[in-house]
Amino acid sequence: MKLYHGSNILIDKVDFSKCHPFKDFGCGFYLTDNIEHARNIAFRRFMRFGGKECVSAFEFNYKEAAEKLKIKIFDNPSEEWAMFVMMNRSEDISHPAHDYDIVIGPIADDSVSMSFRLYQDGYISIYELVNRLEYKELSTQFFFHNASAIKFLKRID
């Protein structure tokens, strides 16, 4: 399976020290199977930090990883997914907030941030949050949490 990482630099080797905390699935290395989404992220990183727009491609051996690692998959936005994202974004709990090696699921990008904020502020229920996301086309993200997980990624051109 081919995955992409958008940034303002090419990624040859994953450096977890450069990963940011409080993201959807925690602090780790994020990729997507949607090259257009990766290109958009690369553009935003370039505009914010300079460098150049770069999309790094990786081959992911899911079958082998699934035999050896702890993987969580969210097929679509759900109450469980929303609570998982909010748990990982929370600064009020200890991190890492879970023990999965890899997490796969929808990206809670800028287009859904307002719905998350409305839920967190108590204006809508978790049911309404998920309902608002049901018909959105959300890209899929692949989160690699540790060195054991990235062993199943191979950088390709």
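## Helix α1 and what covers it

Contact here means heavy atoms within 4.5 Å of each other. Keep that in mind while looking at this model, which is a predicted one. With that cut-off, the cover over the buried residues of helix α1 includes the strands β1 (2-7), β2 (29-32) and β3 (54-60).

Which residues of α1 are buried? They are H37, A38 and A42. Looking down the axis of α1, you find its buried residues within an arc of 140°, so they line one face of the helix. As for its dimensions, α1 runs over residues 35-49, which makes 15 residues. From first C-alpha to last, α1 reaches 21 Å, close to the 21 Å expected at 1.5 Å a residue.

## Where α3 meets α5

Next up is a pair of helices: α3 (residues 79-89) and α5 (residues 126-133) have axes that come within 9 Å and cross at roughly 105°. An angle from 65 to 115 degrees counts as roughly perpendicular, and α3 and α5 are therefore roughly perpendicular to each other. On the α3 side, the contact is made by E79, W81, A82, M83 and M86, while α5 brings in I126, Y127, L129, V130 and L133. Sorted by class, that contact has nine nonpolar residues, one charged residue and no polar ones.

In α5, the buried residues are I126, L129, V130 and L133. Seen down the axis of α5, they fall within an arc of 90°, so they line one face of the helix.

## N88, a buried asparagine in α3

Staying with α3, have a look at N88, which sits in this helix. Its relative accessible area is 1%, and the cut-off for buried is under 20%, so N88 counts as buried.

What does N88 touch, leaving aside neighbours within four places in sequence? Its contacts are F22, K23, D24, F25, G26, H95, A97 and H98. One of these, K23, is 65 residues away along the chain, yet the C-alpha atoms of N88 and K23 are separated by 6.3 Å.

## V103 in strand β5

V103 belongs to strand β5 (residues 102-106). Its relative accessibility is 0%, so V103 is buried.

Not counting residues up to four places away in sequence, V103 touches F25, K72, F74, F84, H98, Q141, F142 and F143. F25 and H98 turn up in the contacts of N88 too. As for N146, it lies 43 residues from V103 in sequence and 11 Å from it in space, C-alpha to C-alpha.

How values were computed
Residues are numbered from 1 along each chain as its sequence is written. This is a predicted model: local features need pLDDT of at least 70, side-chain atom pairs count only at pLDDT 80 or more; totals for chains, interfaces and linings use all residues. Side-chain values use heavy atoms; hydrogens and water are left out. Axes are lines fitted to C-alpha atoms, for helices over the stretch in contact, and angles run from 0 to 180 degrees between N-to-C directions. Helices (H or I, at least four residues) and strands (E, at least two) are DSSP runs, numbered from the N terminus. Angles under 35 degrees count as roughly parallel, over 145 as roughly antiparallel, 65 to 115 as roughly perpendicular and the rest as oblique. Ala, Val, Leu, Ile, Met, Phe, Trp, Tyr, Cys and Pro count as nonpolar, Asp, Glu, Lys and Arg as charged, and the others, Gly among them, as polar. Buried means under 20% relative accessible area, exposed over 50%, partly exposed in between (1.4 Å probe, protein chains only). The expected span of a helix is 1.5 Å times one less than its number of residues. The arc is that of the directions from the helix axis to the C-beta atoms.
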